[in-house]
Amino acid sequence: MEWNDLITNHVSVRAFENKKLPEEIKNQLIKAAQSGSSSNFLQAYSIIEVTDQQSLKRIEEISNCKGYIEETGAFYVFVADLYRHQTLLNQAGQSDEHLTTIESFVVSVVDTTIAAQNLAISAEAMDLGICYIGGIRNDLFTITELLQLPTLTYPLFGLSVGYPKIKNEVKPRLPQAEILSQNTYQLPNKELLKSYDQTMTDYYTARTTNQQTADWQSKILSYFSEPKRPETAEFLKKQGFNF
Ligand SMILES: Cc1cc2nc3c(=O)[nH]c(=O)nc-3n(C[C@H](O)[C@H](O)[C@H](O)COP(=O)(O)O)c2cc1C
């Protein structure tokens, strides 16, 4: 498949063959993850491959992703990680005050995301399927205990990678003209969003699995109708961040 087709044909996979990935493939995936750009070359992330069956079971329950964490080729947790840097600063007797800021946190989240997406693309290039699992943040405190995460770390998301059993149709994205502008910011375009709603309604009613009557805007309203993980601020404070 052409590279561009590979990228534009992406779909999240939520049903995998119960078959583990060989070591060689896993090594390639991690190499791809590590090859991404990194802000100031901080490489501010760690990847934890979870293989312990009990832990996978617990993570699957927390994430509310039944069937696609325990039963997959490999499951990784991507951790935004400034602990390595904190250790270095501590060893050098240097203050870590500039490490605990929101800017450093953003840098680590971006580095982690780039690594994960590199891994994801590399997996899809090998005909594997992937699904990001932000659901691990449904219980940050338990995940942190389970994975024994130290200070200045944040479990950003999991990533299931495996041999796809079922693949959904590609989900249509917002019209390019809605997200792309020249030189200055473009305010949301009502007409474009309305036509996109129709596209999404058609997609949701026609797709093979999990059909539903919905459009994009109604889903956004529903998503933001309640607080999302309000304990995150408290969690980050406990992890030693200072913002
Ligand atoms: C950071 C992140 C977290 C996600 N968390 C979950 C999750 O917990 N469970 C899940 O089923 N899908 C999860 N997804 C997948 C999205 O629902 C999916 O990417 C989106 O609906 C677009 O569909 P597509 O990937 O098939 O194109 C996550 C995606 C991202 C980027």
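User: Which residue in β4 stands opposite I133?

Analyst: G158 in β4 stands opposite I133. This is a predicted model, where local features need pLDDT of at least 70, side-chain atom pairs count only at pLDDT 80 or more, and totals for chains, interfaces and linings use all residues. Residues are numbered from 1 along each chain as its sequence is written, and side-chain values use heavy atoms, with hydrogens and water left out.

User: What makes β3 and β4 a pair?

Analyst: Two strands pair if DSSP finds at least two bridges between them. Five bridges join β3 to β4 (residues 153-162). That meets the cut-off, so β3 and β4 are paired. They run antiparallel. As for the names, strands (E, at least two residues) and helices (H or I, at least four) are DSSP runs, numbered from the N terminus.

User: How do you know which strands are at the edge of the sheet?

Analyst: Look at the order first. The open sheet has four strands, β1-β2-β4-β3, with antiparallel pairing. β1 (45-49) and β3 each pair on one side only, and they are the edge strands. Neighbouring strands are turned by 25° against each other on average, direction ignored. Axes here are lines fitted to C-alpha atoms, for helices over the stretch in contact, and angles run from 0 to 180 degrees between N-to-C directions.

User: What joins β2 to β4?

Analyst: Eight bridges join β2 to β4, and the two run antiparallel. A74 stands opposite V161 in β4. β2 also pairs with β1 in the antiparallel sense, over five bridges. There, I48 stands opposite V77.

User: Why is β2 called mostly covered?

Analyst: Buried means under 20% relative accessible area, exposed means over 50%, and partly exposed lies in between (1.4 Å probe, protein chains only). Eight of the eight residues of β2 are buried. A74, Y76, F78 and A80 point one way, while F75, V77, V79 and D81 point the other way. In a regular strand the side chains alternate between the two faces of the sheet.

User: Why does S55 count as buried?

Analyst: S55 has 14% relative accessibility. The cut-off is under 20%, so S55 counts as buried. S55 lies in helix α3. It touches V50 and L146, not counting residues up to four places away in sequence. Contact means heavy atoms within 4.5 Å.

User: How do you know that the buried residues of α3 line one face?

Analyst: The buried residues of α3 (residues 53-63) are S55, L56, I59, E60, I62 and S63. Seen down the axis of α3, they fall within an arc of 165°, so they line one face of the helix. The arc is that of the directions from the helix axis to the C-beta atoms. The face turned away from the buried side carries the exposed residues Q54 and E61. The buried residues pack against β2 (74-81), β3 (129-133) and α6 (140-146).

User: Which helix lies across β1, β2, β3 and β4?

Analyst: Helix α5 (residues 102-125) does, running at about 5° to β4. Helix α4 (residues 83-91) lies across β1, β2 and β4, at about 45° to β2.

User: What makes the phi of Q148 stand out?

Analyst: Phi of Q148 is near 55°, a positive value in a residue other than glycine. Most residues other than glycine have a negative phi. Q148 sits in the loop between α6 and β4. N183 also has a positive phi, near 70°. N183 is in the loop between α7 (176-179) and α8.

User: Why do Q148 and N183 count as exposed?

Analyst: Q148 has 68% relative accessibility, so it counts as exposed. N183 has 83%, so N183 counts as exposed too.

User: What makes a space a pocket?

Analyst: A pocket is an open set of points on a 1 Å grid over the protein atoms alone, where a 1.4 Å probe fits, with protein on both sides within 12 Å along at least five of seven lines. Lining residues have an atom within 4 Å of a point. The largest pocket is lined by 36 residues, and S12, R14, C131, K171 and Y204 lie nearest its centre. β3, α8 (190-206) and α9 (216-223) each give two or more residues to that lining. The largest share, five residues, comes from α9.
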